[in-house]
Amino acid sequence: TGEPPKPKTYTVRGLSDIAMLKVEPQEEIWNGMTYLKNGIIEVIGAPGVGKSRFLASLAKAQILGRRFGGLPTLATPKRWLFVGSENDINRLHREAQKFLLGNFKGDISHWTKETFYDAAALNGLAREQVDLINENFRTFTLEDPSDCMISLCDENCPKLTATLKECKPDILVCDPWGDVIDGDELSDADVRHTIRALRECLATAELSIPTIIVNHARMGIREVIKASGVEAGNMGKNSKCLYSIARYVLNLRPASFDDNPPIEVICAKNNNGPKPPSLALKLDEKTETYEPFEG
């Protein structure tokens, strides 16, 4: 019998060693949001403000190399995987048609692919663009009863890992955080356990990619006001542990109390660069895209 193996140590480097490391240049997904390997990005907003639509619209623009909200997106198309349990197939079906075809046409299951390409062309999308976004915009569709079970408990982690291995995303979106966390949102220990489980799933799938976590805000007018300024870090309704782990945090709040109001997009935190100015964006419900709002 030999001696037991020594435990693995953490990676430690000296300051000059770090300064002389060869690191890849930082890429910007959008508006100061850096493409960080294994980095956590948090997007916070009240229910109904449009968090899911906002990120879906950003992903589509990035894949197609378009500007989003008047600002450039990362030019190289990335594959996005949306892990979610809130948006059912009916909503996804409607929004996909509106984006690709310009309006909702209902049941088009009898169409041929050529008919679909022709209809998308009338909406300004070439067949190459249709194929590009179909390949790189991937989302849970909740067709099996177990698809709604996305908490990162021991039972579900192997299923997520298998999905990651199959899809090989460049960006992972977890929407919403309340359904992903294994335990209590207000518990620092449960937040850290869940983030650790998420990173273990990614590592097992041999992926080193950023994860965007969609989080609900505290309810009420007073809480929405806290989206900017010194209170910006208090907008999320759960443990501040997630806010501290995230490298970049966006707060979304309605700019008015009208139906389909513009939204304010406020960077509450950016550890890897300066915080960009706040933006006002308006959703075009016909095309499911966001444009700058002047008003």
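## Largest pocket

In this predicted model, the largest pocket holds about 1,200 Å³ of space. Its lining is made up of 47 residues. Those nearest the centre of the pocket are Leu-92, Phe-137, Arg-138, Thr-139 and Thr-141.

Several elements each give two or more residues to this lining: helix 2 (51-64), strand 4 (80-84), helix 3 (89-101), helix 4 (113-122), helix 5 (127-136), strand 5 (137-139) and helix 6. Helix 3 supplies the largest share, with nine residues. Sorted by class, the lining of the largest pocket comprises 22 nonpolar, 13 polar and twelve charged residues.

## Packing of helix 6 and helix 8

Two packed helices are described by the angle between their axes and by the distance between the axes. For helix 6 (residues 157-167) and helix 8 (residues 188-204), the axes come within 8 Å and cross at roughly 40°. The two helices are therefore oblique to each other. The crossing of helix 6 past helix 8 is right-handed.

On the helix 6 side, the contact is made by Cys-157, Leu-160, Thr-161, Leu-164 and Lys-165. Helix 8 contributes Ala-197, Leu-198, Cys-201, Leu-202 and Thr-204. Seven of the residues in this contact are nonpolar, two are polar and one is charged.

Which helix of the pair gives two or more residues to the lining of the largest pocket? Helix 6 does, and helix 6 also makes the contact with helix 8 described above.

Methods: Residues are numbered from 1 along each chain as its sequence is written. This is a predicted model: local features need pLDDT of at least 70, side-chain atom pairs count only at pLDDT 80 or more; totals for chains, interfaces and linings use all residues. Side-chain values use heavy atoms; hydrogens and water are left out. Axes are lines fitted to C-alpha atoms, for helices over the stretch in contact, and angles run from 0 to 180 degrees between N-to-C directions. Helices (H or I, at least four residues) and strands (E, at least two) are DSSP runs, numbered from the N terminus. Angles under 35 degrees count as roughly parallel, over 145 as roughly antiparallel, 65 to 115 as roughly perpendicular and the rest as oblique. A crossing is left-handed if the near helix is turned anticlockwise from the far one by less than a right angle, and right-handed if clockwise. Contact means heavy atoms within 4.5 Å. Ala, Val, Leu, Ile, Met, Phe, Trp, Tyr, Cys and Pro count as nonpolar, Asp, Glu, Lys and Arg as charged, and the others, Gly among them, as polar. On a 1 Å grid over the protein atoms alone, a cavity is a set of points where a 1.4 Å probe fits but cannot get out, and a pocket is an open set with protein on both sides within 12 Å along at least five of seven lines; lining residues have an atom within 4 Å of a point. Grid points are joined across faces, edges and corners, and a volume is the space filled by probe spheres set on the points.
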